[in-house]
Amino acid sequence: MSMTATQVVAAIAAGQLSAETYVRTLLDRADALGSLRAFITLNRVGAIAAARAVDAARAAGKKLPRLAGLPIVVKDNINTKELPTTGATPALMNFRPTADANVLKTLVNAGAIIIGKTNMHELVFGVTTTNFAPFAGVARNPYDTSRMVGGSSGGTGVAIAARMATVGLGTDTGGSVRIPAALNGIAGLRPSVGNGGGERRYDGTGVLPLSHTRDTVGPMGRTVADVALLDSVISGAAIPAPATLNGLRFGVPATYWDVVDDQVLEIMNAAKSKLTAAGVTFISVDLPSIRGLGEKTGFQLVLHEATIDIPAYLKASGASGITLSDIAEKIADPDVQNGFKSVTSDSTAGEYSDALNVYRPQMRAIFDIYFIENRIDAIFFPTTPVPAVPIDFVYGSSTVSVNGGPAVDEFATFIRNCDPGSIVGIPGLTLPAGLTSRGLPVGMALDGPVGSDKKLLSIGLAMEKLFGVLPAPNI
């Protein structure tokens, strides 16, 4: 279970590892660690059958596809025709889409095997994956089971960190791939979205949405190399070689560093020192106006587009007879119940046009100029200002304190650094920076210009060589 995705694929192709044996091992581990609630649905019968077919094809001397036999986990808002796609919400508990999501088809056609659908924050509407629906349950962090796992792609993060799989898919609207990746000590990529069209790296068809302007599927893996492998198959781009760190320029805007836990700051400063010794130059130039513009843009896009995009998804995916109102009425999580009222009332409809056509372009221009004028290769910052916090079993998500300060909103704190880049659609990568004194993972993030995904992965591969990977959780 310590093998990387690349190693697994190579070993299966060489006949050194039985795909069926490996799949059974991971499924058994998922069962043994069921208390972590990483999964909503395990695909035991289907996954074993697919693995047997891979072994038979190899034994027959047939040419295997690129990912033949690789087990993957899939967030439960990404359509699977053979398994329910629940969105971790009661109204969709038994919903079976008519087709796989396009991104997932690409991986399955390349030989990947779905071993299960992973838990998530209900309707992707939060950052804890503390789920009150009994069929989903409260996900627990494998590094400290009293703490939350991040979200909304929390189950994928847990499954990979706890060695139930090497790779998987999440989705990211404002940090939902990178936050759980950081809190579970793994790597995750939010690919470019930009203004859609040719700037969008991944096809979003067949995914339970919040915002067509902001949403994207994103790969998650134990290593950056694993993430790069999935990205290569999905995007059709070659896997990049590790970058040369010497000569790179990383921006460190103060607005990404002004709210940060002391231990996170200590680990991030140590990371900066290590990168400086490797030849990276840090450029202290701020992005002071993005917070104000983000307040006029981020939620205004999501809350209005959800009123359009969720019904359109239900219709396109074959969810006949299920409406947005049906979903809202059956929401299980208290924090989602409160937040979703703004969707059903369409409270930001009057602000939507300016958010999309005025403030978002202004934010995008600020980022574009920042990268060009300062010759910045990537923005460097703590993925989350604080490590994983204790699970809130009452509300699902409430408040946190940073360094003993006043209670502040938990959701806003955890998305604080990932959200600005998400609003404008630039790519972001997170990988582990280290562990706190309590043994909690801390993530370091890189944001780059639209279309720089391959370069970010290249830099991440080089950083992974420098920092190594985190030790497995002791579970």
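Biologist: What volume does the second largest pocket have?

Modeller: About 490 Å³. Keep in mind that this is a predicted model.

Biologist: Which residues are closest to the centre of that pocket?

Modeller: Gly 204, Thr 205, Gly 206, Val 207 and Pro 209. They belong to a set of 31 residues that line the second largest pocket.

Biologist: How do the residues of that lining divide into nonpolar, polar and charged?

Modeller: The lining of the second largest pocket has 11 nonpolar, 13 polar and seven charged residues.

Biologist: And which helices and strands each supply at least two residues of it?

Modeller: Helix 4 (102-109), strand 4 (167-172), strand 6 (216-221) and helix 10. The largest share comes from helix 10, with five residues.

Biologist: OK, on to the largest pocket. What is its volume?

Modeller: The largest pocket has a volume of about 880 Å³.

Biologist: How many residues line it, and which lie nearest its centre?

Modeller: The lining has 40 residues. Nearest the centre of the largest pocket lie Phe 299, Asp 409, Phe 411, Ala 412 and Ile 415.

Biologist: What classes of residue are in the lining of the largest pocket?

Modeller: There are 19 nonpolar residues, 14 polar ones and seven charged ones.

Biologist: Which elements each supply at least two residues there?

Modeller: Helix 10 (298-317) is one of them. Helix 9 (290-295), helix 12 (334-344), helix 14 (410-415) and helix 15 (419-424) do too, and so does strand 11 (407-409). Helix 10 also supplies at least two residues to the lining of the second largest pocket.

Biologist: Tell me about helix 10, then. How many residues does it have, and how far does it reach?

Modeller: Helix 10 has 20 residues. From first C-alpha to last, helix 10 reaches 26 Å, close to the expected 28 Å.

Biologist: Where is the kink in helix 10 centred?

Modeller: On Ala 306. The kink is about 40°.

Biologist: How many residues of helix 10 are buried?

Modeller: 14 of its 20, so helix 10 is mostly covered.

Biologist: What comes just after helix 10?

Modeller: Gly 318, with a positive phi of about 90°.

Biologist: Now helix 12. What do its buried residues pack against?

Modeller: Helix 10 and helix 11 (324-329). The buried residues of helix 12 are Pro 334, Asp 335, Val 336, Phe 340 and Val 343. Just after helix 12, Asp 346 takes a positive phi of about 50°.

Biologist: Which residues other than glycine have a positive phi, apart from that one?

Modeller: Leu 123 is one case, with phi about 60°. Arg 375 is another, with phi near 50°.

Biologist: Where is Leu 123 found?

Modeller: In the loop between strand 3 and helix 5. Leu 123 counts as buried because its relative accessibility is 2%, and the cut-off is under 20%.

Biologist: And Arg 375, buried or exposed?

Modeller: Exposed. Arg 375 has 56% relative accessibility, and exposed means over 50%. Arg 375 lies in the loop between helix 13 (349-373) and strand 9 (378-382).

Biologist: Which residues does the cis peptide bond join?

Modeller: Gly 151 and Ser 152. Omega there is about 10°. Ser 152 lies in the loop between strand 3 (113-118) and helix 5 (154-161). Leu 123 is found in the loop between strand 3 and helix 5 as well.

Biologist: Why does Leu 70 count as buried?

Modeller: Because Leu 70 has 0% relative accessibility.

Biologist: What does Leu 70 touch, leaving out residues up to four places away in sequence?

Modeller: Ala 5, Val 8, Val 9, Gly 111, Ala 112, Ile 113, Thr 166 and Val 167. Take Val 8: Leu 70 and Val 8 are 62 residues apart in sequence, yet 6.7 Å apart in space, C-alpha to C-alpha.

Technical notes: Residues numbered from 1 in each chain as written. Predicted model: local features only at pLDDT ≥ 70, side-chain atom pairs only at ≥ 80, totals over all residues. Heavy atoms only, no water. 1 Å grid on protein atoms, 1.4 Å probe; cavity = no way out; pocket = protein on both sides within 12 Å on 5 of 7 lines; lining within 4 Å. Points joined across faces, edges and corners; volume = space filled by probe spheres on them. Helix = DSSP H or I, 4+ residues; strand = E, 2+ residues; numbered from the N terminus. Nonpolar A, V, L, I, M, F, W, Y, C, P; charged D, E, K, R; others polar. Expected span 1.5 Å × (residues − 1). Bend = angle between axes of the 7 residues up to and from the residue. Buried < 20%, exposed > 50% of the residue type's maximum accessible area, 1.4 Å probe, protein only. Contact = heavy atoms within 4.5 Å.
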